[in-house]
Amino acid sequence: MSKPAERIAFLVDEINRHRRAYYQENSILISDAEYDVLMKELELLEAKHPELITGDSPTQSVGGNVNEAFAPVQHLDRMWSLDNSFSEEELKAWAARVGDQKFLCELKIDGLAINLRYEKGKLVSAATRGDGVVGEDVTNNVRTIKQIPAVLEGKNHPDVVEIRGEIFFAVADFDQLNAGLVAQGKAPFANPRNSASGSLRQKDPKVTASRPLKMLVHGVGAWPDAPFRYQSELYGLLKSWGLPTSTRFERFDSIDEVYKYIENFQIHRHDLEHEIDGVVIKVDSLEEQKKLGYTARAPRWAIAYKYPPEQVNTKLLDIRVSVGRTGRATPYAVVEPVKVAGSTIEFATLHNQDVVKAKGVLIGDTVVIRKAGDVIPEILGPVVELRTGKEKAFVMPKVCPDCGAKLAPASVGDVDLRCQNSAGCPAQLRERVAYIGSRGVLDIEALGYVAAVALTQPVDVASAPLKNEADLFNIKMEQLLPVRSYVLDQDTGLPKLDEDGQPKIVEFFSKKDKKGELVPAEVAIKLLNNIEDAKTRPLWRIIVGLSIRHVGPVAARSLANHFGSIDRIFAASEDELSKVDGVGPILAKSLLDWIQVDWHKHIIESWRASGVLLEIEGHEGPGTVAAGEGIFSGLSIVVTGTLESYTRDQIEELIITNGGKAASSVSKNTAFVVAGANAGSKLAKADALNIPVISEAEFAEKLK
């Protein structure tokens, strides 16, 4: 037997095995990306060796077979699969094959395909796709889904029509369902699609009824003498019948416009209420669809553009705990390195011990891991079917892994455990110092994570330039030169190892001259200059840099604008603090609790003595604004939507430095709203209150 024949036979068996698991057993043994790779390889091999194509090849069939637990239902019109494209070039190659067309684009929901048959407006059957010709009868289960009408609204319905759509779980509903399953001691679902499939294909309709399944319609099957020429005309009619239809479909004249639609939803895919894994592009004309026809498994007039994989399967090697700047102890997963969303992942967040329990993961599991764009990778759940019995449960430690202090909740009802040694815990100090240097706080360019490690945890800990952040603005060059530091991994805080398995050590702030003496490295000179510049950062940034629990940029801006100085903020009562916009009682108490700690007071006094600006010049006290008339003086301005020319911090700082207030919500006191792309509820509220709305360009003109 030749090697191509052997490989094709292996791929056919392997893909069909995964199809059976996916379509019949509601189980996902590999990720979509891994499945696509296998399928693509099979297609390429069969294209080169057409004589080796067999009848059981997945390239010649649709979906899976019918589960014997359900009665078979034959579709009046065949249900097809879709060919996939993974790049702009592949998409344009398809467009060239179909010729000059109008294109219909809609989101590719990651759910379960369904076929609803209505006769004279009444639902008579509902079936899964099955093998495309025969599906599974799930009529009784579908009748429990509130969105799907048993009788169509309106009049003059066709004698027979098949409605095609996707059954799915909204992301929020999926998370709630999994938490409930774990609480009952049951295995959680790995992802929303698997969850939807398992929920719909229940023998007892009462189980399906207990789960908040949803549906969106994306087309029709059999419909003799359908009264429309374009598929885009269809959705309005289906909506008038009471069927759930998407509002996100669009019609385009060119493939370039199509690709812009694809790019937009790739950016905003996680803003949606449901999971998507791409976009479906169709030739809009039904006459042209008929001319183009079908292959053995898919229409030539449609294609799916698949987004780069954000979910993969990998092995959960261990669960460890890291400690953050506020003492919060966070479990994180150590996984077998795997590439997802364009980068190699070795670690993933697990948030807290309750989340570990809710996800139902065990050390040693094969797990589904997701990395959505720049978001920290997270574990979605285990692939329970692949367990061997050797897996073990995670136990949250009772003491801090960095300093040995007790881990306990900060307050009654707090889920998170926190290290109680805030003053002396090396992990907390390291994280606080790195946070101070970050762009969103004091923006000290040379004070990145590695520099923070060198300053707080050098090899010779006794010579650490910083025992706490109080001395940050007093560092001298002679303190920096002798520092030798471990190189730590930013995700775990653990030392990176060299080729011999030993911790990497560097002289971070110095180098040796020709005489072998230590002289300042460029980073040391830059660090001291950057620290000097940071002394005059806006007051709100200084407040954020104190790492007071619950106090982020929005609250810090409000506090700075209202009181005008650090001293006035901490001299205020809890009631006075609570009344400041964006603060409230919880945050007010956190502020007053923080200043009662002696070493916190020492930070403020040390920074003051070092020349750090702790007040807004010209501010006359609570409720006033800084002296000097800015163009936005006394105006409350709200920013919403996605901006192109500014970051959110930049535009809000421009508002504040020009005398205005960067408000977080629209009210009758709002002067105007700056709206970027995809502005949501704030824009709607502005319209309702008749508040002026301007664009970024108009905002820039006001600044001029």
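Colleague: Is Leu 528 buried, exposed or partly exposed, and why?

Modeller: In this predicted model, Leu 528 has a relative accessibility of 22% and therefore counts as partly exposed, because the buried class takes in residues under 20% and the exposed class those over 50%.

Colleague: And where does Leu 528 sit, in which helix?

Modeller: Leu 528 belongs to helix α15, which covers residues 522-534.

Colleague: Which residues does Leu 528 touch, leaving out those up to four places away in sequence?

Modeller: Once those sequence neighbours are set aside, Leu 528 is in contact with Ile 475, Met 477 and Leu 480. Taking Leu 480 from that group, it is 48 residues from Leu 528 along the sequence, while the two C-alpha atoms are 9.9 Å apart in space.

Colleague: What share of the contacts in the chain join residues at least 24 apart?

Modeller: If you consider contacts between residues at least 6 apart in sequence, 66% of them join residues that are at least 24 apart.

Colleague: Switching to sheets, in what order do the strands of the open sheet with β4 and β7 run?

Modeller: That open sheet has 4 strands in the order β5-β4-β7-β8, with antiparallel pairing. Its edges are formed by β5 (122-128) and β8 (214-220), each of which pairs on one side only, and neighbouring strands are turned by 30° against each other on average, if direction is ignored.

Colleague: How many bridges are there between β4 and β7?

Modeller: Strand β4, residues 112-119, and strand β7, residues 160-168, are paired in the antiparallel sense over 8 bridges. If you want a residue pair to look at, Arg 117 stands opposite Glu 162 of β7.

Colleague: Which helix lies across β4 and β7?

Modeller: That is helix α6, residues 192-200, which lies across both strands and runs at about 40° to β4.

Colleague: Zooming out, how many helices and strands are in the chain, and what does the C-alpha trace span?

Modeller: The chain contains 24 helices and 26 strands, and its C-alpha trace spans about 85 × 65 × 50 Å along the principal axes. Of the 704 residues in the chain, 50% are buried, and the accessible surface comes to about 33,500 Å², with 51% of that belonging to carbon and sulfur atoms.

Colleague: Last one, how far apart are the mean positions of the positive and negative charges?

Modeller: The chain has 84 positive and 97 negative charges, and the mean positions of the two sets are 3 Å apart.

Methods:
Residues are numbered from 1 along each chain as its sequence is written. This is a predicted model: local features need pLDDT of at least 70, side-chain atom pairs count only at pLDDT 80 or more; totals for chains, interfaces and linings use all residues. Side-chain values use heavy atoms; hydrogens and water are left out. Helices (H or I, at least four residues) and strands (E, at least two) are DSSP runs, numbered from the N terminus. Buried means under 20% relative accessible area, exposed over 50%, partly exposed in between (1.4 Å probe, protein chains only). Contact means heavy atoms within 4.5 Å. Accessible areas come from the Shrake-Rupley method with a 1.4 Å probe; for residues, only the protein chains shown count as cover. Lys and Arg count as positive and Asp and Glu as negative; His and the chain ends are not counted. The place of a charge is taken as NZ of Lys, CZ of Arg, CG of Asp or CD of Glu. Two strands pair if DSSP finds at least two bridges between them. Axes are lines fitted to C-alpha atoms, for helices over the stretch in contact, and angles run from 0 to 180 degrees between N-to-C directions.
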